[in-house]
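Good morning, and thank you for coming.

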Amino acid sequence: MLKPPPASSIPPLPLAGRRLTPRRPLSRELFAANGMSRTGALDLASGVGGKITKDEVKSAVDDYEKYHGYYGGKEEARKSNYTDMVNKYYDLATSFYEYGWGESFHFAHRWNGESLRESIKRHEHFLALQLGLKPGMKVLDVGCGIGGPLREIAKFSLTSVTGLNNNEYQISRGKELNRVAGVSGTCDFVKADFMKMPFSDNTFDAVYAIEATCHAPDPVYLN
Ligand SMILES: C[S@@+](CC[C@H](N)C(=O)[O-])C[C@H]1O[C@@H](n2cnc3c(N)ncnc32)[C@H](O)[C@@H]1O
């Protein structure tokens, strides 16, 4: 967990001729600053929704590394085992992403003076507007992570968003965060591979993917 710096290490700020000593930030402000809710941080600390155990970490790291060239891995092996390779990566990385980045695992252009969190929300609102989302529409988020974008877009546009993801841990975490955000009634998750989507035509009014299809073993097929 983030530890606030000792008050003595925070230099005073000059402000309109006065010198103010900033107060020590409260822990909830620190969580908010990096995008994580206090509940989220406590859940992570207690392992709620977690899939990978401490004992499994080393073997998951070893397996993941074997897929890469540095350790003699072959591109064909990575492509034919993409499900295992991508899941190993997200089993290991998701808690760190959530802790340090927030609930949305993507970037956005950032204006001067804009916080990371503001830029990410603005990007999600822009996407909802570009898609022309209207209240009541059914939307699919392809490769949805733990659902940060889908919760924001659902609340912004009053739509029902289904998150498609092949990672079991992220889905369990996403369901818990949907419950905390109060959107479980309108938003859900489906565990499936986006290379073999389990939906019939015209199930959704709109579909989007944010920084997820880079994991497709064959991007041309996916398009
Ligand atoms: C960088 S994260 C982006 C998550 C989300 N779009 C966001 O912005 O927060 C990539 C996501 O794609 C998912 N993913 C990768 N390959 C997938 C596949 N073949 N089928 C379904 N989901 C996949 C990962 O599990 C992960 O959730």
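Predicted model: local features only at pLDDT ≥ 70, side-chain atom pairs only at ≥ 80, totals over all residues.

Residues are numbered from 1 along each chain as its sequence is written, and side-chain values use heavy atoms, with hydrogens and water left out.

The chain contains 9 helices and 6 strands; these are DSSP runs, numbered from the N terminus, with helices (H or I) of at least four residues and strands (E) of at least two. Of its 223 residues, 36% count as buried, where buried means under 20% relative accessible area with a 1.4 Å probe, protein chains only. Contacts are heavy atoms within 4.5 Å. Among contacts in the chain with a separation of 6 or more, 60% join residues 24 or more positions apart.

Let us turn to the interior. In soluble globular proteins, nonpolar side chains tend to be buried together. A nonpolar core is a set of buried Ala, Val, Leu, Ile, Met, Phe, Trp, Tyr and Cys residues joined through side-chain atoms within 4.5 Å. The largest one here has 15 residues, and Leu-133, Val-139, Leu-150, Val-161, Cys-187 and Tyr-208 have the most contacts inside it. Two elements, helix H7 (148–157) and strand E6 (206–209), each give two or more residues to this core. H7 supplies the largest share, 3 residues. A second, separate core of 11 residues includes Tyr-90, Ala-93, Ile-120 and Ile-146.

Why is H7 described as largely enclosed by the rest of the structure? The reason is that 8 of its 10 residues are buried. Those residues pack against helices H6 (116–130) and H8 (168–181), and against strands E3 (138–142), E4 (160–165), E5 (188–191) and E6. Just after H7, Leu-158 takes a positive phi of about 55°.

Finally, consider a helix pair. Helix H5 (residues 82–100) and H8 pack at an angle of about 30°, with their axes 9 Å apart. The axes are lines fitted to C-alpha atoms over the stretch in contact, and angles run from 0 to 180 degrees between N-to-C directions. H5 and H8 are therefore roughly parallel to each other, a label for angles under 35 degrees. Among the residues making this contact are Tyr-90 and Asp-91 of H5 and Tyr-169 and Arg-173 of H8.

Conventions
Buried < 20%, exposed > 50% of the residue type's maximum accessible area, 1.4 Å probe, protein only. Parallel < 35°, antiparallel > 145°, perpendicular 65-115°, else oblique.
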